[in-house]
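Work through the exercises below with the sequence and coordinates open. Each task is followed by a solution in steps.

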Amino acid sequence: MRLRAESSAPSQVRADVLAVPIYKDDLELPGELGELNSASGGAIRQAIDWGEFNVVEHPSALIDGGDLPSAHILLVNAGSRGRAGWNARRIASVATRRLQGHDVARLALWLRDGEDADAYQAAGVGATAGAYRPTDIYGRVRDTDALRRSVEEVALLGAPAESLAAAETIGEGVAWGRDLANRAANDLYPEKMGEVARELEADGCSVEVLDPDQMRKLGMGCLIGVGQGAAHGPRLVAVKLPGWETASPERRLAIVGKGVCFDSGGISLKQADGMGDMKHDKSGAAAVIAAARTVARLAPETPLMAVAPMVENMPGGNAQRPGDVVTAMNGRTVEVTNTDAEGRLILADALTWAERQGATHLVDMATLTGAASIAFGELVTAYFSAPRDWGESVRAAADTSGEWFWEMPLVNEYRATLDTPHGDIVNSGSRDGSLIKSAIFISEFVTRPWVHVDIAGGAYLNRDKPDGPKGATGLGITTLVRLALDYAKG
């Protein structure tokens, strides 16, 4: 898909489809929206009055363009105003997804509210995301050529050209990360992720893959323990951009992603319903590797390292048991009370390793807790930070790139609930406050500025939605890319 800045007015642009956001307070068609309606010969007003489009029920409506040079108008439900980047990205995703399968060579997108360059870039990424097809990974024989059609070009009305310069690269990186997260567990397992990461050497990155023997020598008892019951042994995958080695030792950013290629829950077995979605438990690892690949193509001098601890959490004869005690790389002993709380264990060793590699600032991304999904759903993402100003940098990167992050408190008073007579800490406490307690656990394994992002709610969709198909969403990739680019500026 091509992205293009377009200076034409909405009533004058020539396109197969003109996409127009409609907010909840727009039913009277105020200002420029009313002028566009008049120029169309009343097509927008008629669609609303007739019931073809309603902001309560309809995500979008494709109507005739009336008297406009554009053949059709796509009315997009934009919800409420605010969060310009998030709205712009979502509007664009809904638009291009709605037009999949249609013969649309050129889509003109009018964001309406005079958004800044960052919002236009978010819209460009969103437009690319809306055209994503997970069926392309393995193919589907029954798909016709018509079904495979997608928007060829998106013209963003009023966008400054420079705002779109990086959007295509970022959008392609998000799609690549979604492919990684969507790949089946029999296709993408820990050692295979190492092979995928080595592809980044073509982008100038250095790649290191630690095998189980190397991890044992380093004392990574937490990571080894989670993967010990699987046929495919664990790996630690690290990607360093060229700028990592040349950067000041006082300023290096590590992004760490949970990489559970399949999570059965181990001995603490999950329910069968929905277990197939557990191939997406590697979404954090997919996000950090895709972000590293994208940043390497945009700004290779960035002092960035991506770290992905990769495991399969399986109930084999040698699987970790509830009650086992393991020693983490930083020397802390952990009693494993629940083998389905495995993500925090592999992050513990990965974060310690990243610090010992020279990381001065850290962010981890993980589909960590069901509590995050219950509390925040798919649209909002919880994060924790220490110190809070580093968390504010991450939140700002999310806002700018069109993602919605929300700070949660690190309540250190809950640390006592993780005590055990059999070691330093348990990996899973009581269910009350479990979202916070999971972050408290991870905080025991970091000593530098750190942010934990729990992407469990929005990393993948369990059914088709107006802005995306069932499967991985690529959540977190654009935030990490923007954070790394901003970080490189100092």
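For sorting lining residues by class, Ala, Val, Leu, Ile, Met, Phe, Trp, Tyr, Cys and Pro count as nonpolar, Asp, Glu, Lys and Arg as charged, and the others, Gly among them, as polar. The model is predicted.

**Exercise 1.** Sort the lining of the second largest cavity by class.

Solution. 
- Step 1: list the lining, which consists of Gly177, Arg178, Ala181, Ser283, Ala286, Ala287, Ala459, Ala472, Thr473, Gly474, Leu475 and Ile477.
- Step 2: apply the classes; Arg counts as charged, Ala, Leu and Ile count as nonpolar, and Gly counts as polar.

**Exercise 2.** Describe the largest cavity by volume, lining and helices.

Solution. 
- Step 1: the structure holds three cavities of 30 Å³ or more, and the largest has a volume of about 420 Å³.
- Step 2: its lining comprises 19 residues, with Arg89, Arg90, Glu378, Asp467 and Thr473 nearest the centre.
- Step 3: by class, the lining of the largest cavity splits into seven nonpolar, six polar and six charged residues.
- Step 4: α3 (84-98) and α5 (167-182) each supply at least two lining residues; α3 gives the most, with four.

Key. Residues are numbered from 1 along each chain as its sequence is written. This is a predicted model: local features need pLDDT of at least 70, side-chain atom pairs count only at pLDDT 80 or more; totals for chains, interfaces and linings use all residues. Side-chain values use heavy atoms; hydrogens and water are left out. On a 1 Å grid over the protein atoms alone, a cavity is a set of points where a 1.4 Å probe fits but cannot get out, and a pocket is an open set with protein on both sides within 12 Å along at least five of seven lines; lining residues have an atom within 4 Å of a point. Grid points are joined across faces, edges and corners, and a volume is the space filled by probe spheres set on the points.
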